[in-house]
Structure formats: structure tokens, C-alpha cells
Amino acid sequence: MNRRLRSAILLVLGGVLGLVPVLAANLFMRDYVRSQAEERLMLASERLLKNVEQVVQEAIDVFSTLPHYRVPDCTPDLRQAFLSAQVRHHILHDVGLYNVNTGEMYCTALRGAIQFRAMSKAVTGRVDHLKYQSVYEDMANKRGLLVRWQFSDELAIGGFIPDDHLILNSMPVEYASAASVSVMLSNGPVLVETSPEIRYREMSPFANFEPDPAWTKDMIKTVSRSERYPVMIWAGVPFETVWLTFAGAMDLINGLAILMGAMIIFFFVRLGMKKQSPIFSIEEGIKKREFIPYYQPVVDIQTGRLAGCEVLVRWRKPDGAILSPGSFIDTAEATGLAMPMTTLLMEQVQEDLSEAYANNPTLKAGINLFNRHFDDLSVVGDIERIFTNSGLRFSQLMFEVTERQPLENLDRARAIIARIQKLGAKVALDDAGTGHGGFAYLQKLGMDVIKIDKLFVDAIEPGVETVPIVDSLTQMAKGMDMTVVAEGVENDEQLDYLRKIGVHHAQGYLFAPALPAKAFLGLIDAIGMFGDTKASLQQGDESVMQQVVNV
Ligand code: C2E
Ligand code: CA
Ligand code: CA
């Protein structure tokens, strides 16, 4: 998958995942708030139910203190008993003896002619002779519960509990304004109820009540049933009201969730950017061994024979594209990734060339080092590890040190160079003439080979008699017993000139560009047949020719 696409996917993924904590916190909190509210509502209803049970119990207790009557005989004793019961138990508005069938009141504690209007059918509880009924009492203009003790088909003693004794303001304060509560008989009729609307109408009977749609939309509801009496409590509170009571906590939780989301997004953005960054892709490329050696043939221009090659790194991308070092080598060097890249390259050179070089002991291979390699001895360890017991012998290796950038510590560099030479390998000054090292540099570092930069070889043009810098570099090197290699040789005039002044080796497009391992190994084979490198390149292996022409 392409890197940009992958980064874009990561960014989108980060954005989506970043929302997760916020959504999860809200979803989780809504559930939590709901279950908490249900629990509190249940507790409040049960408190209320207990109160209703106590009130009913009290009414029933009164009956047991009264004498039983088989006839509707309203004696002064009975009236007195009713009166004292009513006074002692203020929850009872009235106690009276009446005819169940006609509703006729024979006598009551207070009013004598009290009338109840039935609002529902009577229900029987656990005890047969006790009946419960929702009634309306005209005189007091009140609804309530009529508990009656029926002791014959006709006669009953009834106790009326008005609604205001049945309901308590037992709702949690924070829900109280929006809670609805009903005390009901088990067969459905409401004994008393309260709701925001009812409370509002009580307070302002003539004002218009506008119910909040949220109050009915999503209600948290509970029902508690009495085990002793046929009564139950229905309670409800709008979810929104409860949710609002958590607003402070939610702000905090949302804040934390947003922070977490932002951290996730930040993480993915970083990852996305990292995936796009050249450093990351070079790192990945090294891991996947995408950096491979190409080999540019180096020719002995005095004999025409192949002298060896220079190893030049190429980045083979997964899509098959081959990148030249110009596009990545500076980043690799600046980040230190050039070190593992060189190690990887040397390992592959060892694998590629081992066999062919074992069969052709005069061939050399030049490997480019970076200035950082001269900071410590690790490169020596790597060279030793990779090439010990290899078909490619130390004496066939040459390590190139560029003059373009100055070496930081010449003494240390000298020591490292000496260690490389002690293994049997050669060391070359690359890009000679371009830097400021000059003669002193060469002397101090104890180089074996000097590579004249393409810049100076380019100066050898048709009609030019002498190129002083090429001449003097060559003379100086030969005076110090060094091998001279010319880089970037592109035409026969340059080749003739260099050969004439005694340059030993040359590389350049005149012979071949850097070749893939297979092509370079093919060339070595072809040379076995023709002897002359240039001739081999011109007459030899088709595939080699193809490579040469293509690049
Ligand atoms: P260099 O070490 O001076 O390598 C020679 C460069 O000149 C190579 O470029 C090569 O392909 C190019 N070249 C060779 N003959 C001709 C020619 O006739 N005409 C022209 N125009 N160019 C020619 P390349 O491979 O792009 O490498 C560029 C530079 O990158 C190298 O310059 C070297 O400094 C660095 N480099 C390449 N591979 C490595 C490596 O494995 N390690 C290190 N440390 N540096 C490397
Ligand atoms: Ca080089
Ligand atoms: Ca060079």
C-alpha cells in the first residue's frame, strides 16, 4: 500500500478512535446514571410504600377496638367509640357504620350523613373481610382510601383515609420537581398521585401549564408492591432531569475523555507522520533489506582487464523502482542510518561476489564508507565479522573515504584506517581534489589508492592539451606509490589522456554504469572468454549489454 494512503488511513483511524473515549464515557455514564436513578427511585418508593402500609395498618387496628354489630343500631356507645377512634387516629377522617349495598350511613364519628362516592371496585387483600376501595368523599371534597371491615353481607365499618395521608414527599430532592408518583390499588385505580403538572396546578390554578416534552419522553420508572395490602406505588422521573444532576460530573468525565481522545488522535497523527517521514521509510527499508549493492566495473586501463568494481548502493522499492543514492544518502548519513545500511550492504556484497571473486583473485571491490565510520572501531569489527572465511578476501577489498567532507579527528581516523589495512584491505581517498585535505591528508592517513573526481576528468575535453590538476594529482599519487583511479570516464579522449599520463584504473559510463549483481557477475564470466573488458562489454553477454544501454 502506498505510504500516503497508509498515513491518510492512520489519520482517519486516529480521528475515529479519538472519538471512542468520548462516546464510551457518555454511553457508559448514561447507563450508569440510569441504574443509579432506578435504585434511588426504588428506595424512595419503598419508603413511601412503608408509610402507606403503616397508615392502612393503623386504620385496621382501629376496627379491632370497636364492638361488632349485627344490626344497624347506632347506639350512643358506638358513636362514642367511633369518635374516640377518630380522635386518637388522626389519619382517619371518619369512621362509620354503613350499609354496603345502599351506601346508607347509619352513624359516623363526626358528620352523621357523610357520603362516599365509589371511584373503583373494592379489592380484597389477604384477609377476606377487609376491603379496599378508592372513594371520593363529598363533604370534605377529598379522594382517598376507604378501608372497610365487612362483618355481614350488609353491614361494614369503614375508615376513610384522605389522600394527603397517603403520599409523602419522599422523592430525592434533586428529582422532586420532575418526579411523578402514584399510590394505587392493586387492581389499578389511583388513590393519590402527584406529578409536575398537578403540583403546578395546585400552586397556580389559573395559569397555563406547558409540560416539558422531556418529562414524558424517556422516563425512568419503578413499581413497588406491598406484600401486606393490595396497594402499590408507581414512581417515575424523566431521564433528562436525572442526567442534569450529573452535569458537573459529566463535564469532568467528558473533559477527561476529550483529553484521552486528543491523545489517541495525537498518537495516530504522529504515527502517520512518522510513516511519511523519510527517516522512518529508510529504517523500514533497512529492515526489509531494500538497500542493495550495484556494481560499477573498474577497468585497468593499461591492460584493458577488469580490475574490479565499486559498490554503489541502490534502494529497490517494493514497487520495483530503483532509487539512486542522491535521493536518500544525505538523510541516511544525517540520521546515522547510514551505519546499518553499510553493514547490510557489505553482507550482500559478500554473498554476491564471494564465489566469483574466489575464482578471480585479482579482482577488487571498492566499498564507500561514511565519515561517521571513523568515529569508532565498530566498522572494523563489522568488516572482520562479514569477510572472515569468505571467498571474498580482505586483500580484495578497498574502502573509500571521501575528501568532500573533512574527517573530524584525523588521529582516530588514521588508527581506524591502519586497523583496516592490517586486515589486508586497501583504503582509497575518494573524490580526490574536491576537498581541503590535499597532500597532508594523504600523507597523514596513509592511503593506498587515490580516486580522481569526475569533475577533473570532465575537464579533459577534445583539443585540450593538458589538464594540470589531473596531471599533478596523478604524479603526486605515483610519487607516493599509490594506485590512481579516474572516475566518470565517458569518452575515448578521456581514456587516452588518462592512459597516457599513467593513470592505472578507470570507471565510467564509457565502460559501464553501476550494474545489478547478476549483470556484473555475467560480465566477469564474459571477461573470462574475451580477456579485454571493453571488448567484453561490446561483444559479450547480451544481458550485460542490455543493462549498459538501459541505464
Ligand atoms: P561516488 O562514490 O563518487 O560514486 C560514483 C558516482 O558516480 C556513482 O553515483 C556513479 O554511478 C556515478 N558515475 C560513475 N561513472 C559515471 C560517469 O561516467 N558519468 C556520470 N555522470 N556518473 C558516473 P551514484 O551511484 O549515484 O552515487 C553517488 C554517490 O553516493 C557516490 O559517489 C557516493 O559518494 C555515494 N554512495 C553511493 N553508494 C554509497 C555507499 O554504499 N556508501 C557510501 N558511503 N556512499 C555511497
Ligand atoms: Ca566512491
Ligand atoms: Ca567518487
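1. Donors are N, O and S atoms within 2.8 Å of the metal (3.2 Å for Na, K and Ca), and since water is not among the atoms, sites may look incomplete. With that in hand, look at the calcium ion (ligand 3) and the calcium ion (ligand 2): they sit 3.9 Å apart, and D430 coordinates both.

2. A word on the ground rules: this is a predicted model, where local features need pLDDT of at least 70, side-chain atom pairs count only at pLDDT 80 or more, and totals for chains, interfaces and linings use all residues. Residues are numbered from 1 along each chain as its sequence is written, chains are lettered from A and ligands numbered from 1 in the order written, and side-chain values use heavy atoms, leaving out hydrogens and water.

3. Who holds the calcium ion (ligand 3)? Its protein donors are D430 (OD), D431 (OD), E487 (OE) and E487 (OE), at 2.2 to 2.4 Å. Along the chain, their spacing reads D-D-x55-E. D431 is in strand β17 (residues 426-432) and E487 in the loop between β19 (483-486) and α17 (492-500), so the pair ties together parts 56 residues apart in sequence. Helices (H or I, at least four residues) and strands (E, at least two) are DSSP runs, numbered from the N terminus.

4. Are D431 and E487 buried or exposed? Both are buried, meaning under 20% relative accessible area, while exposed is over 50% and partly exposed in between (1.4 Å probe, protein chains only). L256, in helix α8 (residues 247-276), is exposed at 52%.

5. Zooming out, the protein has 20 helices and 20 strands, and 48% of its 551 residues count as buried. Its C-alpha trace spans about 155 × 45 × 40 Å along the principal axes.
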